[in-house]
Amino acid sequence: MNVAPVIRRPLASLKNSLRKQREIRRLLATTTEPTSNTSAPPPPPASRSTKPLPESNFFTIPDPKTKQLRTAFAVYSPPRSQPTVAKTTFISTTINPPPPQTLVQAHHDPLPALKQKQISLLDPTGARTALFSRTNRDAARVGDVLMVTHRRGGEPFAGVLMSIRRAGIDTAILLRGRLTKVAVEMWFKIYNRNVAGIEVVHRRKKPARRARLTYLRKSKHDVGDVQSLVFAWKRSRNVLTTGAKSKGQRTGVKGQRLS
Amino acid sequence: MIQLKTMLNCIDNSGAALVECAMVVGQKRHASIGDRIVVVVQEQTKAHAAGMASGGPKVKRGDIRHAVVVRTRYRVQRRDGSSIRFEDNACVLINKAGDPVGSRINGAVGSELRKKKWSKILSMAPMQV
């Protein structure tokens, strides 16, 4: 199909052959360059590339050695001189490559250490951490009644511990109490400096089967007013301060003030 | 999150028991504690409805009044990281000058009122949290 136009319009065939040459050049540039180190200075063109050439017979050069046609447009990269090869081997032998090190190995995550430092700053005695740690047996658990004293004045807020949101320095607790017959839920950050004290007023008899006691919001399960528990605890605390023994001396954490 | 059609408890002795939010004054988003709203009185307190209270009710059913939100069910975040959430939405009726209509408030109010400078309501409230 292409034959007739080639005959009729020589320029068209020139265009066609130029396009072919360009393709060949691109091919050769990619194939010959890496192998030029090992092969002979004039790299022999592939026989495949010479096949389309004869019909144009315009940009071909007969190779005296191989008796093959090679294209005149192919870019034959000059053979790599020996010094450069030596140079490359020198580099590869003398300089030890660095051991394979991932980014994580090279740069340790600085955040855990930073957070630990911040926690130790905000909680030098470790009392706050201990009060809500998972391992401490005397720690406050969900379902206990806690009382939070604020440094900014105001009455201490007492309520049932509904959930503990453990998030490092952002660890917070959710208390549900009742003030003037209105249920109030408050989140407190345990490492907040304004939180002067967190006290366990009353412990739940059995540990709760849930991590978050959201069912306390339903009126059927609501604990309601905890003021009576707080009063009872205050009375027992006063007894403790006078030296008499009472049931309130069960745990070490109970009634502990945070520094 | 007080917006149009929200029903709120009225916790003063103005005579209204249940009011419906008709508009949030001065802002395009929902109202929170300390924000001013326009309400329609939907129910009167029982004592006032029966005519037992002395002096009679100051507001009647169907009245359109201004009010200040004092408690919300939606959590209110505070600067120190703590947050507070009440069991109900509650408001206190005020007149257009900003003075409370009632003379007494029953129930705790949020301390965000202090920031919004509702000092008269705060002084009347039995407790602020």
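Start with Cys91(B). In this predicted model, Cys91(B) is buried, at 0% relative accessibility. Now look for a partner. The nearest cysteine sulfur belongs to Cys10(B), and the distance is 4.8 Å. Cys91(B) is in no disulfide.

The cut-off here is 2.5 Å between the sulfur atoms. Cys10(B) is buried as well, with a relative accessible area of 9%. How many disulfides does the structure hold over all chains? The count is 0.

Next, the strand around Cys10(B). Strand 1 of chain B covers residues 7-10. Which residues sit on its covered face, and which on its uncovered one? Leu8(B) and Cys10(B) make up the covered face. Met7(B) and Asn9(B) make up the uncovered one.

Now its neighbours. Strand 7 of chain B, residues 90-94, runs parallel to strand 1, joined by 2 bridges. In strand 7, the bridge partner of Asn9(B) is Ala90(B).

Lys5(B) pairs with Glu20(B), with the closest N and O atoms 3.6 Å apart. Lys5(B) lies in the segment before strand 1 and Glu20(B) in strand 2, so the contact ties together parts 15 residues apart in sequence. Lys5(B) is exposed, at 57% relative accessible area. Glu20(B) counts as buried, at 16%.

Elsewhere in chain B, Arg65(B) and Asp63(B) meet in a salt bridge, at 3.7 Å from N to O. Arg65(B) is partly exposed, with a relative accessible area of 24%.

Over all chains, there are 13 salt bridges. One in chain A deserves a look: Glu185(A) with Arg217(A), closest N and O atoms 2.8 Å apart. Where do the two residues lie? Glu185(A) is in strand 6 of chain A, residues 182-189. Arg217(A) is in the loop between strand 7 (195-202) and helix 9 (227-241) of chain A. The pair links distant parts of the chain, 32 residues apart. Glu185(A) is buried, at 3% relative accessibility, whereas Arg217(A) is partly exposed, at 35%. Both belong to a network of salt bridges that share partners.

Last, the nonpolar cores. The largest one has 56 residues. Which residues have the most contacts inside it? They are Phe132(A), Leu146(A), Ile173(A), Ile198(A), Leu113(B) and Ile121(B). Strand 4 of chain A, residues 157-165, gives the most to this core, with 6 residues.

Zoom in on Phe132(A). Leaving out residues up to four places away in sequence, Phe132(A) touches Leu146(A), Ile173(A) and Ile198(A), among others. Also on the contact list are Ala139(A), Ala140(A), Leu161(A), Ile164(A), Arg166(A) and Ile190(A).

There is a second, separate core of 17 residues. Its members include Ala16(B), Cys21(B), Ala67(B) and Val101(B).

Note on methods:
Residues numbered from 1 in each chain as written. Chains lettered and ligands numbered in written order. Predicted model: local features only at pLDDT ≥ 70, side-chain atom pairs only at ≥ 80, totals over all residues. Heavy atoms only, no water. Buried < 20%, exposed > 50% of the residue type's maximum accessible area, 1.4 Å probe, protein only. Helix = DSSP H or I, 4+ residues; strand = E, 2+ residues; numbered from the N terminus. Pairing = 2+ DSSP bridges. Core = buried A, V, L, I, M, F, W, Y, C linked by side-chain atoms within 4.5 Å. Contact = heavy atoms within 4.5 Å. Salt bridge = Lys/Arg side-chain N within 4 Å of Asp/Glu carboxyl O.
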